[in-house]
Amino acid sequence: MCSRPGVQIGSSNQVFSFASGKSYVTAYSLPATAQATRVKLTVPIDFTIFLPSVMILDENYTQLQLIPGSNFTYGGDALLAGQNLAGEFIIPASTGSSRAAYMLLFTTTEDMQGTTKLSAEALQRAMEYDRASDVARLRNMEVPHAATGRLYLALETQASVLAAPAESNFEPAIAAAQAKPLSELEYYQRIRTAVANKDYEQAIGWMNAAEKAGFTQARGVFFAAQP
């Protein structure tokens with residue numbers, strides 16, 4: 001598991017007008033690996049919450065995956081250290097000449113207008129064990145989402161290098177990604193190829209990515225491709 005320090009997203013980041021609205025964005029180059037990569041993302045809860053969306057691009061800036069903010073949810077069943085939004089997703093391994101090369105973190109106008117309802121019971125337990133921090137401020141609150149915030153990333157991969165910050169001016173790549181996401185047939189072909197290679201984790205990753213892109217036949221394609 002390769003972890004990164006906290007990622008701060010704020011006024012020092014580039015701003016881009018996505019189809020889902022204007023957002024601060026940060027971009028990372030992904031390590032080259034022949035294995036599928038499991039990414040775990042954690043957003044600590046504070047006075048506000050940055051609810052991220054994640055876009056994965058290949059080396060030609062084609063959009064491979066779009067993981068929406070709804071993928072990252074509040075558990076509320078742990079003590080103070082567990083008062084987070086959290087979720088995970090799989091970046092499929094390379095298929096042919098295409099590999100996941102970049103990861104963009106941003107938020108949407110709709111997500112910024114939402115809130116997260118906290119668990120009063122979990123916060124009460126946290127207050128019993130944590131006397132140093134002001135957790136009482138969060139009790140019975142619906143924490144508003146915001147345009148800025150922080151999060152933590154962990155990449156589970158055999159590669160020895162971490163995701164690295166990409167070039168500072170990433171706007172052309174983002175614009176290109178908006179223009180040419182993978183088609184439905186391209187997703188399905190990647191699923192079939194991965195199953196044929198008996199790389200089921202990769203196939204499931206492509207299936208999940210296709211479903212998140214709105215293609216409803218991905219699961220059927222996955223099962224139909226089984227030998």
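Predicted model: local features only at pLDDT ≥ 70, side-chain atom pairs only at ≥ 80, totals over all residues.
Residues are numbered from 1 along each chain as its sequence is written, and side-chain values use heavy atoms, with hydrogens and water left out.

Let's start with α5, residues 200–212. Helices here are DSSP runs of H or I with at least four residues, and strands are runs of E with at least two, numbered from the N terminus. The 13 residues of α5 reach 18 Å from first C-alpha to last, close to the 18 Å expected at 1.5 Å a residue (that is, 1.5 Å times one less than the number of residues). Just after α5, Gly-214 takes a positive phi of about 100°.

Which residues of α5 are buried? They are Gln-202, Ala-203, Gly-205, Trp-206, Met-207, Ala-209 and Ala-210, where buried means under 20% relative accessible area with a 1.4 Å probe, protein chains only. Their cover includes β7 (63–67), β9 (84–91), α4 (184–196) and α6 (218–224).

Now look at α4 against α5: the axes, lines fitted to C-alpha atoms over the stretch in contact, with angles from 0 to 180 degrees between N-to-C directions, come within 8 Å and cross at roughly 165°. That makes the pair roughly antiparallel (over 145 degrees). Contact, meaning heavy atoms within 4.5 Å, involves Ile-191 of α4 and Trp-206 of α5, among others.

Finally, Ala-19 sits in the loop between β3 (14–18) and β4 (21–29). Ala-19 is exposed, at 75% relative accessible area (exposed means over 50%).

How values were computed: Parallel < 35°, antiparallel > 145°, perpendicular 65-115°, else oblique.
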